[in-house]
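Take a moment to turn the model around and look at it from several sides. Then read on with the picture beside you.

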Amino acid sequence: MAGIESFPNDGLLTSDAQYFDYSSAVNPLQQGIIPPVPYRTFSPSFFDEGPTRVQPLDVSEELGIVGPATTPALCANFIRIVRGSVMTSAEATSQVFFVFRGSGRTDGCGETIHWSQGDYMVLPAHGHAMHHSDGEAALYWVHDAPLLRYLGAAPTIARFKPTFYQHTMAQQKLTEIATDPRTANANRVSVLLANRNFPSTRTITHTMWTMFGLLPKDAVQYPHRHESVAVDFVIDCKPGCYTMIGTELDESGMIKNGRREDWAPGASFITPPGYWHSHHNESGEDAHVLPIQDAGLHTYLRTLEIMFSHPGHDRTAHISQTP
């Protein structure tokens, strides 16, 4: 064609190029081009029997991505140790371990960490680790390898040092929050575990967010939503604790036509991004939950968009960005 210069390698350079009308490509999720994050509950029965092993909580097939993965950015895992050792390894920038049961030690990143029930360990890049227990132990392990696989990146720099969070310290802080009149009635009575290397996000790593939360007896923690995906782990509870999840609120500010996820100690469940969720405790005893999210990354990108519902505020349903 006159006026258009042709080059010998045009075919090689343009073979992958595509052109779409904006309206047909702007929202691949709504149009069914990319799969949504699924609901999924993972049974705690894994921790009760069987040999030493690691089980990824894998929904990569439903997500249409290379696995294992529990969310597009994170992979959660159950670990059971029976009088022995097990190695964990992930091409990740961040790894969070929670001790659900037992005691033991972890050798990783040049450190030896002795742990017991309720403790947390966080390992940076190059985080191969060997975990050992003389009895039976159960760990919950979440890392961001799926995010790096998508980016085609390798974890070359450790952004923080191995860090240990003692249960006694986290529990002490949670008790202070729960007994302080200024914070006891907040939407979430919780401790955010943070690392001093990330003062602007106040998160446990630069990509991940971790909360040690209390669900008081006879309490309802009203709906909230955010754009990160939450993978919740139930630390302890009695029957009668549950989460309601849904996409809409009714006139009173509660979840409309929601899905109920009943809690059990050691169970884990996925809360998809942008979905409203509320926590309910009708058991007569306090319960504790551990949500882990890719909210460190979302906070840095300024995309978390967390919103809270306040039923009864000024006698009407009220939604705000304030807990």
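What follows is a short walk through strands, rings, pockets and a few backbone details.

This is a predicted model, in which local features need pLDDT of at least 70, side-chain atom pairs count only at pLDDT 80 or more, and totals for chains, interfaces and linings use all residues. Residues are numbered from 1 along each chain as its sequence is written, and side-chain values use heavy atoms, with hydrogens and water left out.

**Strands and sheets**

Helices (H or I, at least four residues) and strands (E, at least two) are DSSP runs, numbered from the N terminus. Two strands pair if DSSP finds at least two bridges between them. Strands of a sheet pair through backbone hydrogen bonds, either parallel or antiparallel.

Let's begin with an open sheet of six strands, whose order is β17-β14-β19-β12-β21-β22 with antiparallel pairing. At its edges lie β17 (259-262) and β22 (319-320), each of which pairs on one side only. Inside this sheet, strand β14 (residues 241-246) and strand β19 (residues 276-281) are joined antiparallel by six bridges.

Another strand to follow is β3 (residues 75-88). How much of it is buried? Of its 14 residues, 11 are buried, where buried means under 20% relative accessible area, exposed over 50%, and partly exposed in between (1.4 Å probe, protein chains only). Strand β3 runs antiparallel to strand β8 (residues 129-143), with 13 bridges between them; in β8, M130 is the bridge partner of M87. Strand β3 also runs antiparallel to β2, joined by four bridges, and here P56 stands opposite N77 in β3.

**Aromatic rings**

Rings of Phe, Tyr and Trp (its six-membered ring) pair if their centres lie within 6.5 Å; planes under 30 degrees apart count as stacked, over 60 as edge-to-face and the rest as tilted. By this rule the model has 14 aromatic pairs. Here are two of them.

| Pair | Centre to centre | Angle between planes | Type |
|---|---|---|---|
| F47 and F100 | 5.3 Å | 50° | tilted |
| F98 and F233 | 5.9 Å | 65° | edge-to-face |

F47 sits in the loop between β1 (41-42) and β2 (53-56), and F100 in strand β4 (residues 95-101), so this pair links parts of the chain 53 residues apart. F47 is buried, with a relative accessible area of 2%, and F100 is buried too, at 7%. In the other pair, F98 lies in strand β4 and F233 in strand β13 (residues 230-236), so the pair ties together parts that are 135 residues apart in sequence. Both F98 and F233 are buried. These four phenylalanines belong to one aromatic cluster, together with F46, F78, Y120 and Y140.

Rings can also meet charges: a charge sits over a ring if NZ of Lys or CZ of Arg is within 6 Å of the ring centre and within 35 degrees of the ring normal. The charged end of R260 is placed over the ring of Y242, 3.6 Å from its centre. R302 lies over the face of Y300, at 5.7 Å from the ring centre.

**The largest pocket**

On a 1 Å grid over the protein atoms alone, a pocket is an open set of points where a 1.4 Å probe fits, with protein on both sides within 12 Å along at least five of seven lines; lining residues have an atom within 4 Å of a point. Grid points are joined across faces, edges and corners, and a volume is the space filled by probe spheres set on the points.

The largest pocket holds about 810 Å³ of space. It is lined by 22 residues, and I34, P35, V37, P72 and A73 are the closest to its centre. Which helix gives the largest share of the lining? That is α4, with four residues.

**Backbone details**

The peptide bond from G67 to P68 is cis, with omega near 0°, and P68 is in the loop between α3 (60-63) and β3. C109, a residue other than glycine, has a positive phi near 55°; it is in the loop between β5 (103-108) and β6 (111-116) and is partly exposed, with a relative accessible area of 28%. R302 is not a glycine either, yet its phi is positive, about 65°. R302 is exposed, at 69% relative accessible area.
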